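I set out to record what I looked up in this structure, entry by entry. The entries begin with the terms and then turn to the chains.

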Amino acid sequence: MSLQYLKEAVSGSDTEKLIRYVRLHFGDGNEAAGKQEIDKAWIEALKLLLDVPATDREFILNILTEKDAATLAHLFFHLHFYFVERSGEWIHDGRV
Amino acid sequence: MDEFDENKSKQLRPGLWATVNERYPGSMITKSDFVPLAKLKKPLPESRLTFVSTAGVQPKNSLPFDTVHPVGDYTFRRVPSKSKPEDLEIHQLKYPTVGAERDLNVIFPIERLQELAEEKIIGSLSPNFFSFIGYNMNPEMLEEKLAKDIAEAVEAEGSDVALLAPA
């Protein structure tokens with residue numbers, strides 16, 4: 001079972017199994033594509049900050065303080081897809 | 001090569017199923033118990049049919065399926081069986097939706113089922129169809145929560161037949 005597989009990887013500190021799972025999720029079952037997707041999201045986020053625009057740090061700090069870790073983890077996954085979509089190269093609908 | 005074979009060669013992800021355990025390690029379900037298919041209790045022209053789909057189709061403005069969660073989404077949406085394709089949208093990442101966005105019926109044949117009911121080939125349609133996303137990596141939750149929730153909802157609408165369609 002997948003969840004058991006992942007929990008065993010956590011307890012055994014098998015980080016390669018865990019990150020592979022994430023890459024497969026982001027790449028719709030293609031690990032190499034998932035690795036590129038992770039890079040794409042980070043590059044897109046970095047590009048947005050290069051000119052040091054004003055950002056709402058108060059909001060960020062409040063969210064980090066007020067919300068539980070699981071909600072933030074879920075948000076982290078949302079942010080990945082947000083930045084991938086923003087990059088304009090969306091692999092998930094079969095067009096690319 | 002005839003037209004049929006030519007179309008076959010254009011399959012977007014040939015051999016996909018054979019690779020599922022490689023793509024999603026540990027996700028294959030092994031079942032030791034056997035649940036036989038239920039037999040029809042009355043002819044199809046007298047039966048109420050429902051449709052259950054993993055296509056991630058849902059009414060516009062309903063809460064989008066959680067397509068980003070790494071372990072999946074164990075909720076379902078009711079899709080009124082009288083809906084028109086333009087009333088519906090797809091929230092799903094794990095299959096190429098480009099064709100379904102041109103004609104929803106290729107993945108969620110709602111208009112075909114409406115036609116079959118109008119022609120009385122099917123007795124009637126349940127008030128709602130049922131939709132969820134197929135990326136569910138916890139088989140126990142899929143079986144014990146989502147499948148049970150949908151089964152109860154199907155039963156509550158008095159369905160005699162359920163058409164199940166994976167995306």
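**Entry 1: chain B as a whole.** I call a residue buried when its relative accessible area is under 20%, exposed when it is over 50%, and partly exposed in between, using a 1.4 Å probe and protein chains only. By that rule, 44% of the 167 residues of chain B count as buried.

I noted the conventions next. This is a predicted model, in which local features need pLDDT of at least 70 and side-chain atom pairs count only at pLDDT 80 or more, while totals for chains, interfaces and linings use all residues. Residues are numbered from 1 along each chain as its sequence is written, chains are lettered from A and ligands numbered from 1 in the order in which they are written, and side-chain values use heavy atoms, with hydrogens and water left out.

I then looked up the secondary structure, where helices (H or I, at least four residues) and strands (E, at least two) are DSSP runs numbered from the N terminus. Chain B has five helices and seven strands. Read from the N terminus, its elements follow the order α-α-β-β-β-β-α-α-β-β-α-β. For contacts I used heavy atoms within 4.5 Å. Among the contacts in chain B with a separation of 6 or more, 77% come from residues 24 or more positions apart.

**Entry 2: Ser81(B).** I found Ser81(B) in the loop between β3 (77-80) and β4 (88-90) of chain B. Is Ser81(B) buried or exposed? It is buried, because its relative accessible area is 5%. Leaving out residues up to four places away in sequence, I listed the residues that Ser81(B) touches, including Ile110(B), Gln114(B), Leu125(B) and Phe129(B). Ser126(B) is also one of the residues touched, and its backbone oxygen lies 2.6 Å from a polar atom of the Ser81(B) side chain. I count a polar contact as a pair of N or O atoms within 3.5 Å; within protein, one must be able to donate a hydrogen and the other to accept it, and residues adjacent in sequence count only if both atoms are side-chain atoms.

**Entry 3: Gln92(B).** Gln92(B) belongs to the loop between β4 and α3 (98-102) of chain B. I recorded Gln92(B) as buried because its relative accessible area is 9%. Which backbone atoms does the side chain of Gln92(B) reach? It reaches the backbone oxygen of Thr54(B) at 3.2 Å and the backbone nitrogen of Lys94(B) at 3.3 Å. Not counting residues up to four places away in sequence, Gln92(B) touches Thr54(B), Ala55(B), Gly56(B), Thr67(B), Thr97(B), Ile133(B) and Gly134(B).

**Entry 4: helix α5 of chain B.** The buried residues of α5(B) are Pro139(B), Leu146(B), Ile150(B), Ala153(B) and Val154(B). Asp149(B), also in this helix, is partly exposed, with a relative accessible area of 27%. After α5(B) comes Gly158(B), with a positive phi near 70°.

**Entry 5: helix pairs in chain A.** I fitted axes as lines to C-alpha atoms, for helices over the stretch in contact, with angles from 0 to 180 degrees between N-to-C directions. The axes of α2 (residues 15-26) and α3 (residues 31-49) of chain A come within 7 Å and cross at roughly 85°. The helices α2(A) and α3(A) are therefore roughly perpendicular, a label for angles of 65 to 115 degrees (under 35 is roughly parallel, over 145 roughly antiparallel, the rest oblique). The axes of α3(A) and α5 (residues 69-87) of chain A come within 8 Å and cross at roughly 80°, so this pair is also roughly perpendicular.

**Entry 6: two loops of chain A.** Most residues other than glycine have a negative phi. Ser13(A), however, has a positive phi of about 50°. Ser13(A) sits in the loop between α1 (2-11) and α2 of chain A and is exposed at 58% relative accessible area. Asp28(A) likewise has a positive phi, near 50°. Asp28(A) lies in the loop between α2 and α3 of chain A and is buried, with a relative accessible area of 7%.
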